[in-house]
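Subject: Structure handover

Hello,

Here is the structure for you to look through. Please open it first, then read the notes below it.

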Amino acid sequence: MLTPRKLLAVTLSAALILLSGCASTQKTELAATDGSVDVSVRWRTSLGEGPGVTYTRLRAAVADGIVYAADTRGTVSALTLEDGDNEWTTDLGQDILGGVALEDDQLFVSLKEGSLVALSAETGEELWRTMLPSEAVATASADARRVFVQTIDGRVTALERDTGAQAWSYEAGMPVLSVRGTGAPLVLDQLVVTGFATGKLVALDKTLGIPRWDVRLGVPDGRSELERLVDVDGAPVQDGRIIYAASYHGKIAAVAENGEVIWQENGSSYTSPELALGSIYLTLDDDAIQSYDMLSGAMGWNQAALSGRTLGQVAAIGSSLAVADAEGYVHFLSQVDGRLTGRILLRPRPLHVNYPHQPESTNWRLVRGRDFGIRSTLINTSEGLLVYTNNGELVLLDVE
């Protein structure tokens with residue numbers, strides 16, 4: 001049952017999403033690319049209906065030449081990475097929210113009903129199912145012993161991998177208003193590091209679940225709840241013994257494993273940083289893409305030509321960066337200077353069905369109101385760039 005505080009949070013979050021949607025319609029015209037990157041579709045297959053307008057960012061998992069991917073309507077599939085052939089499909093009987101996490105021979109998938117399911121990666125057989133404190137909209141993380149999952153009520157829960165039994169749970173205080181979304185926890189040797197809607201990055205003891213340190217990335221400031229909104233919505237990432245994380249209405253920071261802040265710079269974002277070639281790349285909340293020096297945090301190039309196109313998280317592939325937008329385009333940029341180098345549109349083909357002796361408006365009726373954008377994280381694989389569209393298609397791109 002929703003308390004008045006939780007109900008207000010849900011209402012305000014819905015209003016924020018609506019306002020964001022209105023703002024995203026003021027997109028820029030497509031800027032020209034220099035054509036130095038050639039992109040083509042190797043294979044594409046439908047997993048189901050896809051997330052559509054539902055705000056989910058389903059992530060696939062890839063290992064040993066197999067792609068494990070989920071559709072929002074409850075199916076998990078294993079496909080060969082080389083050609084997209086189906087190995088197995090399992091129906092979990094509930095809508096899926098958090099995508100697929102993989103650790104060794106187990107898959108972990110969070111459901112809309114507020115549960116986490118463990119599957120065999122080899123066969124898709126369900127191993128166990130356990131209830132969570134609330135919904136988990138991000139993928140879980142795991143090590144050899146436990147599974148760690150963050151839910152939208154501000155909790156991180158550790159579960160035993162072999163049974164799904166709860167080992168510990170940590171709860172952070174929740175503000176009235178937050179961005180709908182969380183990042184997957186970062187699992188280290190002794191710590192589990194994750195961000196919260198308080199604007200803090202928190203390191204929890206992996207065995208006991210107690211906080212070891214926290215770093216504030218965003219400070220609430222302003223008269224209204226919307227102005228004071230801060231949230232770490234993306235997942236932290238690691239390079240060596242340094243952790244990198246960004247927050248909405250806050251900073252991007254480099255933090256040592258002991259909690260010491262190495263540097264902080266301006267960088268308001270809903271997404272996770274991407275690390276490549278000694279630099280950090282981040283999609284900012286105004287849809288500009290910003291580069292930073294990994295060691296010092298010094299700002300490099302800024303690419304604002306895609307402003308207003310509702311961009312997702314940047315992914316590095318080769319010497320390029322890839323980023324998808326709300327219209328179904330995947331854009332490619334140079335890691336060196338941010339120039340646009342290529343682009344591909346991944347809308348279904350054909351877009352409509354021809355009915356004899358019917359007006360054109362009838363031919364298009366099956367696609368009205370459907371979302372052909374791309375919200376899920378792009379994944380760089382050994383065979384190419386893996387893309388999951390809001391329309392439910394899984395696509396492998398060759399990038400040259």
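First, a definition for the strands and helices: helices (H or I, at least four residues) and strands (E, at least two) are DSSP runs, numbered from the N terminus. Two strands pair if DSSP finds at least two bridges between them.

Now the ground rules. This is a predicted model, where local features need pLDDT of at least 70, side-chain atom pairs count only at pLDDT 80 or more, and totals for chains, interfaces and linings use all residues. Residues are numbered from 1 along each chain as its sequence is written, and side-chain values use heavy atoms, with hydrogens and water left out.

The whole chain

The chain has two helices and 32 strands. Of its 400 residues, 55% count as buried. Buried means under 20% relative accessible area, exposed over 50%, and partly exposed in between (1.4 Å probe, protein chains only). Take the contacts between residues at least 6 apart in sequence: 46% of them join residues at least 24 apart. A contact means heavy atoms within 4.5 Å. The accessible surface comes to about 17,300 Å², and 50% of that belongs to carbon and sulfur atoms. These areas come from the Shrake-Rupley method with a 1.4 Å probe; for residues, only the protein chains shown count as cover.

Strands S2, S3, S4 and S5 form an open sheet in the order S2-S3-S4-S5, with antiparallel pairing. Strand S2 (61–63) and strand S5 (86–91) are at the edges with a single partner strand each, so one side of each has no neighbour in the sheet. The twist averages 15° from one strand to the next. Axes here are lines fitted to C-alpha atoms, for helices over the stretch in contact, and angles run from 0 to 180 degrees between N-to-C directions.

Inside this sheet, S3 (residues 66–70) pairs with S4 (residues 75–80) over five bridges. Ala70 stands opposite Val76 in S4. S4 is also joined to S5 by five bridges, again antiparallel. There, Val76 has Thr90 of S5 as its bridge partner. S4 and S5 make a hairpin with five residues between them, and Gly84 in the turn has a positive phi of about 80°.

Another open sheet has the order S10-S11-S12-S13, also with antiparallel pairing. Its edge strands are S10 (141–142) and S13 (166–171), each pairing on one side only. Two bridges join S10 to S11 (residues 146–151).

The cores

A nonpolar core is a set of buried Ala, Val, Leu, Ile, Met, Phe, Trp, Tyr and Cys residues joined through side-chain atoms within 4.5 Å. The largest has 29 residues, and Tyr68, Val76 and Leu394 have the most contacts inside it. S3 gives the largest share, five residues. Tyr68 touches residues including Ser77, Trp88, Val100 and Leu107, not counting those up to four places away in sequence. Another core, of 16 residues, lies apart from the largest one; among its members are Ala324, Val330, Leu385 and Val387.

Ser291

Is Ser291 buried or exposed? Ser291 is buried, with a relative accessible area of 5%. Its place is in strand S24 (residues 289–293). A polar atom of the Ser291 side chain lies 2.9 Å from the backbone nitrogen of Trp301. Ser291 also touches Ile280, Tyr281, Ala298, Met299 and Gly300, not counting residues up to four places away in sequence.

Best wishes

Methods. Polar contact = N/O pair within 3.5 Å; in protein donor to acceptor, adjacent residues only side chain to side chain.
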